[in-house]
Amino acid sequence: MGRPVFVLFGSSIVQYSFSNGGWGATLADVYARKADIVLRGYIAWNSRRALQVITKIFPKDSAVQPSLVVVYFGGNDSIAPHPSGLGPHVPLEEYMNNMRKIGEHLKSLSDKTRVIFLSCPPLNEEVLKKSTSTALSEIVRTNETCRLYSEACISVSKEMDIKVVVLWNAMQKREDWATACFTDGLHLSEEGSNIVVEEILRILKEAEWDPCLHWQAMPTEFGEDSPYDLVASSGKSTINPSEWTFHRKISWE
């Protein structure tokens, strides 16, 4: 058996999660030699588009199924409908049904596949309005709709017994969340990403899953002692560096 596979599946908050101190890159570091973090992020996607291709991204007949899938959709779904009928908006009830279908498919992949949903975070409306590209029509996205879609995601998660990171609440625990957590009012800064990592690791530590998927409970690949390790100061033995974590700016629990 190879390393466990953790898949990050979602829209731009997932696609960008390996950039600029993103949460995906941090998870890849935390799980180095323990699990492979696989990125399946698609900027601007909504739950409708995700549902169209989920069987291609996660085929049931794959020889290796993920041990964990972290899912984020909802932010683009919550954008107000465009008069043309085009665009990413998905009505709230349809969004909930889509998330149910996504959750059902992922849970059916294997008895050991675990799922975590991320709910919509808040956003800095003022900054977002100023940063909208001139190539795009006006994007109407508000904290009120983000809150509604966050609550909908939480509701589906509870209904399906799926773990959920409530980003709406987690971000706003910081007094300076509106300026500290985003690069452009919407996408996550390193500070915002650190909150995502902290919440995911908390769930993985507290979940009563067998096997446990928290990094401290997982074996390190090829972590046995070796005469080829670094030589100790005595010159008579070696020191195994496999579990060293001092390089990290944050000591993750």
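Biologist: Which residues of helix α3 are buried?

Modeller: Buried means under 20% relative accessible area, exposed over 50%, and partly exposed in between (1.4 Å probe, protein chains only). Helices (H or I, at least four residues) and strands (E, at least two) are DSSP runs, numbered from the N terminus. In α3, residues 47-57, the buried ones are Ser47, Ala50, Val53, Ile54 and Ile57. They lie on the same side of α3 because they cover an arc of only 150° around the axis; the arc is that of the directions from the helix axis to the C-beta atoms. This is a predicted model, in which local features need pLDDT of at least 70 and side-chain atom pairs count only at pLDDT 80 or more, while totals for chains, interfaces and linings use all residues. Residues are numbered from 1 along each chain as its sequence is written, and side-chain values use heavy atoms, with hydrogens and water left out.

Biologist: Which exposed residues does the face turned away from the buried side of α3 carry?

Modeller: That face carries Gln52 and Lys56. The cover over the buried residues includes β1 (5-10), β2 (36-41) and α4 (92-107), where contact means heavy atoms within 4.5 Å.

Biologist: Which residues of helix α2 are buried?

Modeller: In α2, residues 23-30, they are Trp23, Gly24, Thr26, Leu27 and Val30. Their arc is only 160° around the axis, which puts them on the same side of α2. Among the elements covering them are α1 (12-15), β3 (68-72) and α9 (190-206).

Biologist: What does Trp23 touch?

Modeller: Not counting residues up to four places away in sequence, Trp23 touches several residues, including Leu8, Val70, Leu118 and Ile200.
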